[in-house]
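This report goes through a predicted model.

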2 protein chains.
Amino acid sequence: MVNIKDVAKQANVSIATVSRALNNNKSVLPETKQKILKIAKELNYTPNLIARNLITQKTNVIAFILPEVGGDYFSEIIRGVDEVAFNSNYQLLVASSHSQRNTMETTLKFLEKSRVDGIILMLPSLSDQMKDILANHTTPIVAINGEGEFPAINTVGIDNFQGTYSMISFLINSLGYSKLGLIKGPSYNYDATKRRKGFLKALKDNNISHNEDWEIEGGFSVTGGELACSRILSLNEKPEVIFACNDMMAAGCYKAIQSFNLNIPDDIGVVGFDHVFLSEFITPKLTTVHVPTVDIGREAAKLLFKQINSEEETSVEHTKISTGFIIGGSTKSQKK
Amino acid sequence: MVNIKDVAKQANVSIATVSRALNNNKSVLPETKQKILKIAKELNYTPNLIARNLITQKTNVIAFILPEVGGDYFSEIIRGVDEVAFNSNYQLLVASSHSQRNTMETTLKFLEKSRVDGIILMLPSLSDQMKDILANHTTPIVAINGEGEFPAINTVGIDNFQGTYSMISFLINSLGYSKLGLIKGPSYNYDATKRRKGFLKALKDNNISHNEDWEIEGGFSVTGGELACSRILSLNEKPEVIFACNDMMAAGCYKAIQSFNLNIPDDIGVVGFDHVFLSEFITPKLTTVHVPTVDIGREAAKLLFKQINSEEETSVEHTKISTGFIIGGSTKSQKK
DNA sequence: CTGTTAGCGCTTTCAC
DNA sequence: GTGAAAGCGCTAACAG
């Protein structure tokens with residue numbers, strides 16, 4: 001493998017000069033520079049980045065850490081992150097912890113040391129041990145979601161509470177629903193708990209009582225949503241509309257409702273959260289809370305680079321990204 | 001940042017001994033080792049991987065290079081790759097070329113030099129320049145799909161031709177279709193051209209003539225599929241079934257057919273390719289060719305590690321992964 | 001079993 | 001403007 005010495009020898013200069021020429025150092029005679037660049041090209045020379053990293057203590061790599069690779073949400077977020085990283089000339093390391101909590105912490109510790117210049121964290125929640133690690137971190141970190149749980153860390157995310165609250169209020173006030181069921185996500189999941197709170201608060205503020213029988217956990221999965229929905233449909237008294245805390249569970253509801261031979265939205269309405277690709281294609285189109293997923297990734301990356309590039313200690317920032325409504329055919333039409 | 005010297009000093013040994021202890025070199029007294037490990041832990045020491053990489057000339061990182069991040073296919077493949085990489089203690093670098101051909105080549109060149117131990121390539125096709133680069137490559141490389149176009153490189157992929165051929169033969173012989181339309185993918189896309197060939201061969205072998213008016217390009221996208229399908233539906237003589245070369249275009253067909261107020265499968269059948277998540281949720285469920293996407297990623301990673309870990313020059317390998325059928329409600333039922 | 005020494009390939013003072 | 005030399009943090013002979 002051709003290295004800086006080879007180029008120096010060929011060009012009859014010292015390796016220092018080669019290094020300068022390659023790094024656009026102004027204090028090098030233009031003709032010398034041209035000559036060096038020419039020879040470098042001829043020799044097909046490219047600097048060894050590892051050696052460079054060792055001395056500059058920078059890697060130009062950021063890590064994206066998450067529990068599990070796959071799915072719509074992941075691929076959208078990473079698209080946003082990638083876009084910004086690419087423009088900043090950074091490489092993206094994707095590190096899944098494969099659902100094992102411990103591995104996750106190991107990964108982080110490993111990353112803390114060196115190898116990456118910054119970390120984007122996308123986790124359903126953080127263990128105390130993890131918070132500890134993050135608290136005395138040296139590497140810039142941005143967490144996606146979770147501003148409430150770890151105020152010491154930069155976060156980027158949507159307002160789960162507000163997004164849900166608005167949607168539920170809309171269902172009640174504009175569509176006239178008064179009997180609302182809830183299929184919630186895992187209790188350890190930060191998003192899930194926030195969404196549930198938004199749901200409950202909206203009911204309360206509108207003087208609607210919450211029926212505990214109509215609140216079931218669906219594990220954020222299609223199957224979980226299907227099972228939860230089936231249980232609700234088996235009750236004597238059913239809600240008029242089910243709010244599923246994510247679109248996957250809403251899709252599960254469609255399955256359950258179909259198998260009960262009921263109609264959406266006439267017999268029962270379904271509302272989701274996330275506005276995933278799928279939600280536009282199921283019949284009827286799903287009413288859901290729009291989450292600008294790509295933007296989350298983008299903003300997270302931007303915030304991270306801001307941290308990386310700033311000399312001084314920057315203060316912690318929390319970027320909120322606003323949600324929106326998608327009104328599909330899975331809810332009854334606007335009351336006149 | 002604490003380094004190997006600090007540990008050596010504390011432990012009253014040389015840095016060499018510390019290095020040995022940390023790398024499980026047997027030739028180090030158990031008690032010395034224990035002592036060193038203890039001190040390393042106390043000092044919160046972790047080896048600087050960059051320094052290690054510089055000397056070992058290994059990074060424990062593989063790169064996954066693709067044109068654009070996002071979508072179902074991407075996220076499934078990467079899941080498979082990640083799984084295997086994780087088990088092999090490797091990190092995964094995701095490098096999108098952001099659809100710019102040049103950038104892609106730059107990226108590769110950059111990677112060739114150092115920084116990664118191996119590369120998984122997922123590209124619609126390869127430019128001559130790229131083939132050149134790959135031909136005299138030093139880094140192990142596995143390409144996803146494309147065995148025909150670049151025999152010199154390890155590949156992993158499905159048999160696009162066979163998968164299509166079987167499906168079309170099934171449509172003709174078992175379902176009794178004789179008028180088949182084709183919405184093909186971009187001509188520069190390797191998968192797309194192979195699928196088209198499989199389609200044409202199946203028609204030919206079954207003595208069915210191919211109507212050129214029924215063959216339209218749909219760009220592998222939902223919108224492209226919708227437009228292409230609309231054009232077909234506007235013809236005086238229409239096919240009985242449309243084979244879309246991927247599921248996204250098939251989903252586009254659904255939209256077009258809906259807007260023409262036609263029924264699937266009574267008025268016209270739709271068949272896709274890929275068996276993406278979405279295909280199970282659209283109504284009616286899509287008849288499509290199943291592609292074990294996660295397996296492709298897994299096999300690609302396995303093959304790559306085989307290359308990385310083998311001392312001698314290994315011969316080029318081409319792993320074929322078999323496809324299957326998913327019979328949904330978008331085609332008429334089996335003829336009696 | 002352990003220490004000494006020489007680099008890995010590069011950047012960066014410090015002289016000239 | 002350019003070269004010599006030091007050294008980033010580590011591993012790997014080579015001695016002992």
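## Nonpolar core

The largest nonpolar core in this predicted model holds 172 residues. Within that core, A:Ile120 and B:Ile120 touch the most other members.

Which residues are in contact with B:Ile120, leaving aside its neighbours within four places in sequence? They are B:Ile62, B:Phe64, B:Ile65, B:Val81, B:Val142, B:Ile144, B:Ala300, B:Ala301 and B:Leu304. Among these, B:Ala300, B:Ala301 and B:Leu304 are buried residues of α12(B).

## Helix α12 of chain B

Helix α12 of chain B spans residues 293-309, 17 residues in total. From first C-alpha to last, the helix reaches 25 Å. That is close to the 24 Å expected at 1.5 Å a residue.

Buried positions in α12(B) include B:Thr293, B:Ile296, B:Leu303 and B:Phe305. Two residues with charged side chains, B:Arg298 and B:Glu299, are buried there as well. The cover over the buried residues of α12(B) includes the strands β1 (61-66), β3 (118-121), β4 (141-144), β5 (154-158) and β11 (318-321) of chain B. Helix α5 (72-87) of chain B is also part of that cover.

## Helix α10 of chain B

Helix α10 of chain B covers residues 222-233 and has 12 residues. Its first and last C-alpha atoms are 16 Å apart, close to the expected 16 Å.

The buried residues in α10(B) are B:Val222, B:Gly224, B:Gly225, B:Glu226, B:Leu227, B:Ala228, B:Cys229 and B:Ile232. What covers them includes β6 (180-184), β7 (215-217), β8 (241-244) and α11 (247-259) of chain B.

## An exposed position

B:Asn173 sits in helix α8 (residues 160-173) of chain B. Why does B:Asn173 count as exposed? Because B:Asn173 has 12 C-beta neighbours inside 10 Å, and 12 or fewer is the cut-off for exposed.

B:Asn173 and B:Gln334 lie 161 residues apart in sequence. Their C-alpha atoms are 9.4 Å apart in space.

## Domains of chain A

The domain assignment divides chain A into domain 1 (4-56), domain 2 (61-157 + 293-321) and domain 3 (160-291). The centres of domain 1 and domain 3 of chain A, taken over C-alpha atoms, are separated by 62 Å.

## Contact between chains A and B

Chain B puts 34 residues into the contact, and chain A puts in 33 residues. On the chain B side, α4, α5, β2 (91-96) and α6 (101-113) each give two or more residues. The most come from α5(B), with 7 residues. By class, the chain B side has 18 nonpolar, 11 polar and 5 charged residues.

## Surfaces near the DNA strands

There are 26 residues around DNA strand D. B:Asn3, B:Ile4, B:Ser19, B:Asn48 and B:Ala51 come nearest. Helices α2 (15-22) and α4 (49-56) of chain A, and α2 (15-22) and α4 (49-56) of chain B, each supply at least two residues of this surface. α4(B) gives the most, with 5 residues. The surface near DNA strand D divides into 16 nonpolar, 9 polar and 1 charged.

DNA strand C has 26 residues around it. The nearest are A:Asn3, A:Ile4, A:Ala16, A:Ser19 and A:Asn48. Here α2 and α4 of chain A, together with α2 and α4 of chain B, each supply at least two residues. The classes for DNA strand C are 15 nonpolar, 9 polar and 2 charged.

Conventions
Residues numbered from 1 in each chain as written. Chains lettered and ligands numbered in written order. Predicted model: local features only at pLDDT ≥ 70, side-chain atom pairs only at ≥ 80, totals over all residues. Helix = DSSP H or I, 4+ residues; strand = E, 2+ residues; numbered from the N terminus. Expected span 1.5 Å × (residues − 1). Buried ≥ 20, exposed ≤ 12 C-beta atoms within 10 Å, placed from the backbone. Contact = placed C-beta atoms within 7 Å. Near = placed C-beta within 6 Å. Domains from an automatic or database assignment. Core = buried A, V, L, I, M, F, W, Y, C linked by C-beta atoms within 7 Å.
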